[in-house]
Amino acid sequence: MGIAPGAGLPSSRISDLVLLDAVELSWLLRRREVSCVEVMRTYLDHIDRFNPLVNAIVSRADDETLLEQAKQRDEELARGECKGWMHGFPIAVKDLADAEGFPTSKGSPILAGQTAADDEIAVRRMRDAGAIVIGKTNVPEFGLGSHTFNRVFGTTVNPFDPSRSAGGSSGGAAAALSLRMLPVADGSDFMGSLRKRFAAEPQRATLRE
(Lines give C-alpha, C1' and ligand atoms only; values in the text may rest on other atoms or scores of the structure.)
Protein backbone atom coordinates (compact mmCIF):
# COMPACT_ATOMS: atom_id res chain seq x y z
CA MET A 1 0.00 0.00 0.00
CA GLY A 2 1.35 3.43 -0.86
CA ILE A 3 0.51 7.03 -1.59
CA ALA A 4 0.66 8.24 -5.15
CA PRO A 5 2.06 11.73 -5.81
CA GLY A 6 -0.50 14.18 -7.11
CA ALA A 7 -4.20 14.51 -6.47
CA GLY A 8 -7.22 12.51 -7.60
CA LEU A 9 -10.02 10.24 -6.54
CA PRO A 10 -9.21 7.46 -4.08
CA SER A 11 -9.41 3.81 -4.93
CA SER A 12 -12.68 1.89 -4.70
CA ARG A 13 -11.51 0.15 -1.52
CA ILE A 14 -11.78 3.38 0.47
CA SER A 15 -14.99 3.62 2.53
CA ASP A 16 -17.62 6.01 1.21
CA LEU A 17 -18.00 7.42 4.72
CA VAL A 18 -14.54 8.97 4.78
CA LEU A 19 -15.11 10.47 1.33
CA LEU A 20 -18.07 12.55 2.52
CA ASP A 21 -17.53 16.22 3.13
CA ALA A 22 -18.22 17.51 6.63
CA VAL A 23 -21.65 18.95 5.76
CA GLU A 24 -22.87 15.66 4.26
CA LEU A 25 -21.54 13.67 7.20
CA SER A 26 -23.15 16.00 9.70
CA TRP A 27 -26.57 15.64 8.07
CA LEU A 28 -26.34 11.86 7.86
CA LEU A 29 -25.47 11.63 11.54
CA ARG A 30 -28.17 14.05 12.60
CA ARG A 31 -30.81 12.14 10.62
CA ARG A 32 -29.43 8.89 12.06
CA GLU A 33 -28.88 7.46 8.59
CA VAL A 34 -25.45 6.40 9.84
CA SER A 35 -24.42 5.82 13.44
CA CYS A 36 -21.69 7.62 15.33
CA VAL A 37 -20.20 4.22 16.19
CA GLU A 38 -20.03 3.25 12.52
CA VAL A 39 -18.39 6.57 11.65
CA MET A 40 -15.86 6.24 14.44
CA ARG A 41 -14.99 2.64 13.59
CA THR A 42 -14.60 3.49 9.91
CA TYR A 43 -12.31 6.43 10.58
CA LEU A 44 -10.19 4.47 13.07
CA ASP A 45 -9.74 1.66 10.53
CA HIS A 46 -8.82 4.21 7.87
CA ILE A 47 -6.29 5.85 10.21
CA ASP A 48 -4.76 2.45 10.93
CA ARG A 49 -4.21 1.98 7.19
CA PHE A 50 -2.81 5.35 6.25
CA ASN A 51 -1.39 7.15 9.27
CA PRO A 52 1.72 4.93 9.40
CA LEU A 53 2.61 6.24 5.94
CA VAL A 54 2.61 9.92 6.92
CA ASN A 55 2.75 10.14 10.74
CA ALA A 56 0.11 12.86 10.95
CA ILE A 57 -1.94 11.75 13.99
CA VAL A 58 -0.18 11.19 17.32
CA SER A 59 -1.18 10.47 20.94
CA ARG A 60 -4.28 8.56 19.83
CA ALA A 61 -6.74 7.32 22.44
CA ASP A 62 -7.54 3.61 22.56
CA ASP A 63 -10.27 2.36 20.28
CA GLU A 64 -12.50 0.98 23.04
CA THR A 65 -12.71 4.37 24.77
CA LEU A 66 -13.46 6.19 21.52
CA LEU A 67 -16.14 3.71 20.46
CA GLU A 68 -17.79 4.03 23.86
CA GLN A 69 -17.91 7.82 23.43
CA ALA A 70 -19.39 7.34 19.97
CA LYS A 71 -22.04 5.06 21.47
CA GLN A 72 -22.94 7.82 23.93
CA ARG A 73 -23.36 10.23 21.02
CA ASP A 74 -25.74 7.74 19.38
CA GLU A 75 -27.75 7.47 22.58
CA GLU A 76 -28.03 11.26 22.71
CA LEU A 77 -29.37 11.34 19.15
CA ALA A 78 -31.84 8.60 20.02
CA ARG A 79 -33.19 10.89 22.77
CA GLY A 80 -33.50 13.74 20.28
CA GLU A 81 -30.41 15.51 21.62
CA CYS A 82 -27.93 16.88 19.12
CA LYS A 83 -25.01 18.89 20.49
CA GLY A 84 -24.24 20.62 17.22
CA TRP A 85 -22.98 20.23 13.66
CA MET A 86 -19.94 18.18 14.79
CA HIS A 87 -22.02 15.66 16.74
CA GLY A 88 -20.18 12.33 16.49
CA PHE A 89 -17.26 13.70 14.47
CA PRO A 90 -13.83 12.17 15.27
CA ILE A 91 -11.29 14.98 15.50
CA ALA A 92 -7.60 15.21 16.30
CA VAL A 93 -6.42 18.47 17.85
CA LYS A 94 -3.22 20.19 16.86
CA ASP A 95 -0.57 19.28 19.46
CA LEU A 96 -0.10 22.92 20.46
CA ALA A 97 -3.55 23.01 22.07
CA ASP A 98 -4.62 21.45 25.36
CA ALA A 99 -7.27 18.74 25.18
CA GLU A 100 -8.32 17.30 28.53
CA GLY A 101 -6.89 13.83 29.07
CA PHE A 102 -4.39 14.05 26.21
CA PRO A 103 -0.69 14.95 26.33
CA THR A 104 0.31 18.34 24.97
CA SER A 105 3.93 17.89 23.98
CA LYS A 106 4.10 20.80 21.51
CA GLY A 107 6.65 18.57 19.81
CA SER A 108 9.19 19.15 22.57
CA PRO A 109 10.92 16.56 24.78
CA ILE A 110 10.66 19.14 27.57
CA LEU A 111 6.87 18.75 27.65
CA ALA A 112 6.51 15.15 26.45
CA GLY A 113 4.15 13.10 28.58
CA GLN A 114 2.44 16.00 30.31
CA THR A 115 -1.33 15.50 30.28
CA ALA A 116 -3.73 18.42 29.96
CA ALA A 117 -6.19 18.88 32.82
CA ASP A 118 -8.56 21.07 30.81
CA ASP A 119 -9.51 21.95 27.25
CA GLU A 120 -8.41 25.12 25.55
CA ILE A 121 -11.40 27.22 24.54
CA ALA A 122 -11.31 26.15 20.88
CA VAL A 123 -11.19 22.47 21.88
CA ARG A 124 -13.98 22.95 24.39
CA ARG A 125 -16.14 24.54 21.72
CA MET A 126 -15.56 21.58 19.40
CA ARG A 127 -16.50 19.14 22.15
CA ASP A 128 -19.56 21.26 22.98
CA ALA A 129 -20.54 20.93 19.32
CA GLY A 130 -20.44 17.14 19.68
CA ALA A 131 -16.95 16.26 18.42
CA ILE A 132 -14.97 13.40 19.93
CA VAL A 133 -11.24 14.02 20.37
CA ILE A 134 -9.35 10.95 19.18
CA GLY A 135 -5.77 12.28 19.48
CA LYS A 136 -3.47 15.08 18.38
CA THR A 137 -1.95 16.15 15.06
CA ASN A 138 1.79 16.48 14.72
CA VAL A 139 3.58 19.85 14.76
CA PRO A 140 7.10 21.28 14.64
CA GLU A 141 8.65 21.81 18.07
CA PHE A 142 6.66 24.61 19.75
CA GLY A 143 4.99 25.22 16.40
CA LEU A 144 8.07 27.00 15.06
CA GLY A 145 9.29 26.43 11.52
CA SER A 146 7.84 25.38 8.19
CA HIS A 147 8.53 21.64 8.45
CA THR A 148 6.53 19.32 10.72
CA PHE A 149 9.31 17.49 12.50
CA ASN A 150 10.12 17.07 16.19
CA ARG A 151 12.14 14.83 18.48
CA VAL A 152 9.06 13.40 20.20
CA PHE A 153 7.05 12.06 17.24
CA GLY A 154 9.34 12.46 14.25
CA THR A 155 8.43 13.72 10.77
CA THR A 156 5.07 14.14 9.07
CA VAL A 157 5.47 13.66 5.33
CA ASN A 158 3.50 15.14 2.44
CA PRO A 159 0.78 12.75 1.18
CA PHE A 160 1.07 14.17 -2.34
CA ASP A 161 4.77 13.29 -2.46
CA PRO A 162 6.43 11.61 0.57
CA SER A 163 9.80 13.02 -0.49
CA ARG A 164 8.51 16.53 0.28
CA SER A 165 7.56 18.41 3.42
CA ALA A 166 4.01 18.60 4.73
CA GLY A 167 4.71 22.19 5.74
CA GLY A 168 3.95 23.51 9.17
CA SER A 169 3.07 24.21 11.76
CA SER A 170 -0.27 22.63 10.79
CA GLY A 171 1.44 19.90 8.74
CA GLY A 172 -0.07 17.04 10.73
CA ALA A 173 -3.56 18.49 10.42
CA ALA A 174 -3.14 19.12 6.69
CA ALA A 175 -1.81 15.61 6.00
CA ALA A 176 -4.57 13.99 8.06
CA LEU A 177 -7.28 15.95 6.29
CA SER A 178 -5.76 15.35 2.86
CA LEU A 179 -5.79 11.58 3.41
CA ARG A 180 -9.35 11.72 4.77
CA MET A 181 -8.31 10.52 8.20
CA LEU A 182 -10.45 13.31 9.69
CA PRO A 183 -13.64 14.98 8.43
CA VAL A 184 -12.37 18.36 9.65
CA ALA A 185 -9.17 19.62 11.26
CA ASP A 186 -8.17 22.61 13.34
CA GLY A 187 -5.16 24.74 12.52
CA SER A 188 -3.41 27.88 13.65
CA ASP A 189 -1.36 30.49 11.83
CA PHE A 190 1.24 32.77 13.34
CA MET A 191 3.84 33.00 10.58
CA GLY A 192 2.13 31.48 7.55
CA SER A 193 1.20 27.90 8.50
CA LEU A 194 -2.28 27.94 6.98
CA ARG A 195 -1.22 30.13 4.09
CA LYS A 196 1.24 27.62 2.71
CA ARG A 197 0.02 25.89 -0.42
CA PHE A 198 -0.20 22.36 0.96
CA ALA A 199 -2.14 23.34 4.09
CA ALA A 200 -4.62 25.26 1.94
CA GLU A 201 -4.73 22.74 -0.95
CA PRO A 202 -8.42 22.13 -1.84
CA GLN A 203 -7.71 18.76 -3.45
CA ARG A 204 -6.74 15.63 -1.57
CA ALA A 205 -4.07 13.06 -2.04
CA THR A 206 -4.59 9.96 -4.12
CA LEU A 207 -4.95 6.75 -2.11
CA ARG A 208 -4.09 3.45 -3.71
CA GLU A 209 -3.34 -0.12 -2.81
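Where is the place of Ser 169? Ser 169 lies in the loop between strand 6 (154–155) and helix 6; point 7 returns to this residue.

1. Basis of the note. The model is predicted, local features need pLDDT of at least 70, side-chain atom pairs count only at pLDDT 80 or more, and totals for chains, interfaces and linings use all residues. Residues are numbered from 1 along each chain as its sequence is written, and side-chain values use heavy atoms, with hydrogens and water left out.

2. Overall composition. The protein has 7 helices and 7 strands. Helices (H or I, at least four residues) and strands (E, at least two) are DSSP runs, numbered from the N terminus. Along the sequence they follow the pattern β-α-α-α-β-α-β-α-β-β-β-α-α-β. Of the 209 residues in the protein, 51% are buried; buried means under 20% relative accessible area, exposed over 50%, and partly exposed in between (1.4 Å probe, protein chains only). Among contacts between residues at least 6 apart in sequence, 70% join residues at least 24 apart, where contact means heavy atoms within 4.5 Å.

3. An open sheet of 3 strands has the order 2-4-3, with mixed pairing. Strand 2 (57–58) and strand 3 (90–94) stand at the edges with a single partner strand each, so one side of each is left without a neighbour in the sheet. Two strands pair if DSSP finds at least two bridges between them. Strand 3 and strand 4 (residues 132–137) run parallel and are joined by 5 bridges. In this pairing Pro 90 stands opposite Ile 132, and Ala 92 has Gly 135 as its bridge partner. Strand 2 pairs with strand 4 in the antiparallel sense over 2 bridges, and Lys 136 of strand 4 is the bridge partner of Val 58. Strand 4 is mostly covered, with 6 of its 6 residues buried.

4. Packing of helix 3 against helix 4. Two packed helices are described by the angle between their axes and the distance between the axes. Helix 3 (residues 36–54) and helix 4 (residues 63–78) pack at an angle of about 150°, with their axes 7 Å apart. Axes are lines fitted to C-alpha atoms, for helices over the stretch in contact, and angles run from 0 to 180 degrees between N-to-C directions. Helix 3 and helix 4 are therefore roughly antiparallel to each other (angles under 35 degrees count as roughly parallel, over 145 as roughly antiparallel, 65 to 115 as roughly perpendicular and the rest as oblique). The contact is made by Cys 36, Val 37, Met 40, Arg 41 and Leu 44 of helix 3 and by residues of helix 4 including Leu 66, Leu 67, Ala 70 and Leu 77.

5. Ala 97. This residue lies in the loop between strand 3 and helix 5 (121–128). Ala 97 is buried, with a relative accessible area of 10%. Not counting residues up to four places away in sequence, Ala 97 touches Thr 104, Glu 120, Val 123 and Lys 136. Ala 97 and Val 123 are 26 residues apart in sequence and 7.7 Å apart in space, C-alpha to C-alpha.

6. Phe 149. This residue is in strand 5 (residues 149–150). With a relative accessible area of 41%, Phe 149 is partly exposed. Phe 149 touches Val 139, Pro 140, Glu 141, Gly 154 and Thr 155, not counting residues up to four places away in sequence. The C-alpha atoms of Phe 149 and Val 139 are separated by 6.6 Å, and the two residues are 10 apart along the chain.

7. Helix 6 and backbone geometry. In helix 6 (residues 171–178), 7 of the 8 residues are buried, so this helix is largely enclosed by the rest of the structure. Most residues other than glycine have a negative phi, and most peptide bonds are trans. A cis peptide bond joins Gly 168 and Ser 169, with omega about 10°. Just after helix 6, Arg 180 takes a positive phi of about 60°; at 10% relative accessibility, Arg 180 counts as buried. Ser 59, in the loop between strand 2 and helix 4, has a positive phi near 55° and counts as partly exposed at 22% relative accessibility.
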